Amino acid sequence: MKRILLFMLALTFMSCQKEVSTQPTDWQLDGVRGKVKKMVVLTRVPDTDIVSQTISLYDSLGYKVSMESLDNEFDTELLEFSTNGMIKYEKYNGKLRKVNGLDYEGKVISEATQKWSSLKELVSTTHYTENRAMSTVIKYVCDKEGNVISMQMIVKAGEVEQANVLTKWFYDESGYQNSFIQKDVLESKEDKFEISNETFDKFGNVEEQTTYTADRNVFNERRYSYEYYE
């Protein structure tokens with residue numbers, strides 16, 4: 001179940017880049033520039049054998065079709081990945097779309113709805129097929145320029161157990177993420193992270209990125225690659 005929650009959190013890591021007068025596309029929400037067809041993100045966690053990969057596919061209008069999550073627990077040198085599962089996105093019906101999470105065998109393990117209550121506020125609600133009492137609600141808020149300024153995630157495991165994590169991102173003057181804060185509301189705990197965007201491709205999309213903890217230890221390293229529509 002922890003892996004599922006991390007997988008859903010990866011889905012929620014989104015950033016708007018500019019002011020919009022219509023409902024943002026996933027290109028805008030994910031903070032990518034140009035007509036991206038495919039984005040691959042390779043993540044390494046220092047001092048562990050954890051190497052993971054996500055593959056996001058977009059249609060020609062900029063909306064996500066799927067996001068596959070893979071890991072490489074057994075062979076970190078060859079980087080031969082096996083799938084954990086996949087998220088499949090239906091087309092929007094007005095301001096609402098449905099999103100299904102599948103396990104590595106293709107079985108539906110989660111069902112989500114994503115709804116824009118306004119042009120700057122998106123709420124995603126997920127239920128899990130094997131535990132209907134468990135749910136995840138994530139709320140994203142963009143500022144007037146279209147940048148995601150906060151994300152709040154509430155995870156309920158039954159009627160009693162609840163975790164409440166608030167994440168807020170910060171941006172430089174060019175619109176790139178450069179830091180974020182995670183707060184555990186129930187435990188009154190706060191963690192700060194700094195994001196270093198190191199290299200970019202010709203469209204201005206980040207290729208190499210390192211995230212540091214408050215005491216300057218490497219939290220993770222990410223490498224991005226892109227395919228574009230003509």
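**Labels and their cut-offs**

Modeller: Let me begin with Lys-107, which counts as partly exposed because its relative accessibility is 44%, where buried means under 20% relative accessible area, exposed over 50% and partly exposed in between (1.4 Å probe, protein chains only). This is a predicted model, in which local features need pLDDT of at least 70 and side-chain atom pairs count only at pLDDT 80 or more, while totals for chains, interfaces and linings use all residues. Residues are numbered from 1 along each chain as its sequence is written, and side-chain values use heavy atoms, with hydrogens and water left out.

Biologist: What makes Glu-130 exposed?

Modeller: Glu-130 has a relative accessible area of 63%, so it is called exposed.

Biologist: How do you know that the side chains of Glu-130 and Lys-107 meet in a salt bridge?

Modeller: A salt bridge is a side-chain nitrogen of Lys or Arg within 4 Å of a carboxyl oxygen of Asp or Glu, and the N to O distance for Glu-130 and Lys-107 is 3.4 Å. Glu-130 lies in the loop between strand 7 and strand 8, and Lys-107 in the loop between strand 5 and strand 6 (108-118), so the pair ties together parts that are 23 residues apart in sequence. Strands (E, at least two residues) and helices (H or I, at least four) are DSSP runs, numbered from the N terminus.

Biologist: Which side chain meets Asp-26 in a salt bridge, and where do the two residues lie?

Modeller: The partner is Arg-97, at 2.9 Å from N to O; Asp-26 belongs to helix 2 (residues 26-29) and Arg-97 to strand 5 (residues 96-103), 71 residues apart, which links distant parts of the chain. Both Asp-26 and Arg-97 are buried.

Biologist: Why is Ser-66 called buried?

Modeller: Ser-66 is called buried because its relative accessible area is 8%. Ser-66 is found in strand 3 (residues 64-71), and, leaving aside neighbours within four places in sequence, its contacts (heavy atoms within 4.5 Å) include Ile-55, Leu-57, Met-86 and Tyr-89.

Biologist: Which residues touch the most other members of the largest nonpolar core?

Modeller: A nonpolar core is a set of buried Ala, Val, Leu, Ile, Met, Phe, Trp, Tyr and Cys residues joined through side-chain atoms within 4.5 Å. Of the 16 residues in the largest one, Trp-116, Ile-138, Tyr-140, Met-151, Trp-169 and Phe-180 touch the most other members. Apart from it lies another core, of 10 residues, among them Val-36, Met-39, Tyr-176 and Val-206.
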